[in-house]
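Please look over the sequence and the 3D view before reading on.

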Amino acid sequence: MSTAIDDIDVLAKARRNISGDYFPSPDEDYMSARQLEYFRTLLQEWKRSILAASKDTLQQLQDGPMREPDLNDRASSETDWGIELRTRDRQRKLIAKIDSALRRIDEGEYGYCEVTGEPIGLGRLVARPIATMTVEAQEAHERREKISRDD
């Protein structure tokens, strides 16, 4: 069984798979056609990478049950599978966020905060292409969440 792939590693792989020398620059108009195409390609490649890893997991599951003769080995294998399946579930949720980001590109809303309407910023989008809020709006949201949890 392959080890669980971290989302950041999958995103880094997607960045490497994008062909060309272009990288979004703050010197360009914000969310120019070229920037939008870069993020669309990045999001699509990220999604493709996640789906390919999921397909590998499904194939391994279909190849047959674990038949470890030693109870300790069997327990270890079951733990590994549990981690792998939780990772795939997290990535399933990530795919929904990627699809949402692609939809925002199509609707002309990508790159702008859903709370304030302000630009999210290239640095944040490069680091987290599925971001929907500016750093400030995200921090305020997390503070409100923490306060409501503490009540």
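## Overall make-up

A residue is called buried when its relative accessible area is under 20%, exposed when this is over 50%, and partly exposed in between. The model shown here is predicted. Its secondary structure comes to 5 helices and 0 strands, and from the N terminus on the elements run α-α-α-α-α.

Of the 151 residues in the protein, 32% are buried. The protein exposes about 9,800 Å², and carbon and sulfur atoms supply 50% of that area. Among contacts between residues at least 6 apart in sequence, 64% join residues at least 24 apart.

## The nonpolar core

The largest nonpolar core has 28 residues, of which Phe39, Leu43, Trp46, Ile98 and Tyr110 touch the most other members. Two or more residues of this core come from each of helix 1 (7–17), helix 2 (33–62), helix 3 (71–107) and helix 4 (122–127).

## Salt bridges

The structure holds 4 salt bridges. In one of them the side chains of aspartate 106 and arginine 40 meet at 2.7 Å, N to O; because aspartate 106 lies in helix 3 and arginine 40 in helix 2, this pair ties together parts that are 66 residues apart in sequence. Aspartate 106 is exposed, with a relative accessible area of 56%, whereas arginine 40, at 21%, counts as partly exposed.

Another salt bridge joins the side chains of glutamate 45 and arginine 48 (2.5 Å, N to O), and both residues lie in helix 2, 3 residues apart, which is about one turn of the helix. Glutamate 45 has a relative accessible area of 14% and is therefore buried, while arginine 48, with 42%, is partly exposed. Lysine 47 and aspartate 99 also meet through their side chains in a salt bridge (2.7 Å, N to O); lysine 47 lies in helix 2 and aspartate 99 in helix 3, so the pair ties together parts 52 residues apart in sequence. Salt bridges that share partners join Glu37, Arg40 and Asp106 into one network.

## Helix 5

Helix 5 (residues 135–150) has 16 residues and reaches 22 Å from its first C-alpha to its last, close to the 22 Å expected at 1.5 Å a residue. Which residues of helix 5 are buried? They are Ala137, Gln138 and Ala140, and because they cover an arc of only 165° around the axis, they lie on the same side of helix 5.

What covers these buried residues includes helix 4. The face of helix 5 turned away from its buried side carries the exposed residues Glu136, Arg143, Ile147, Arg149 and Asp150.

Terms used: Residues are numbered from 1 along each chain as its sequence is written. This is a predicted model: local features need pLDDT of at least 70, side-chain atom pairs count only at pLDDT 80 or more; totals for chains, interfaces and linings use all residues. Side-chain values use heavy atoms; hydrogens and water are left out. A nonpolar core is a set of buried Ala, Val, Leu, Ile, Met, Phe, Trp, Tyr and Cys residues joined through side-chain atoms within 4.5 Å. Buried means under 20% relative accessible area, exposed over 50%, partly exposed in between (1.4 Å probe, protein chains only). Helices (H or I, at least four residues) and strands (E, at least two) are DSSP runs, numbered from the N terminus. The expected span of a helix is 1.5 Å times one less than its number of residues. The arc is that of the directions from the helix axis to the C-beta atoms. Contact means heavy atoms within 4.5 Å. Accessible areas come from the Shrake-Rupley method with a 1.4 Å probe; for residues, only the protein chains shown count as cover.
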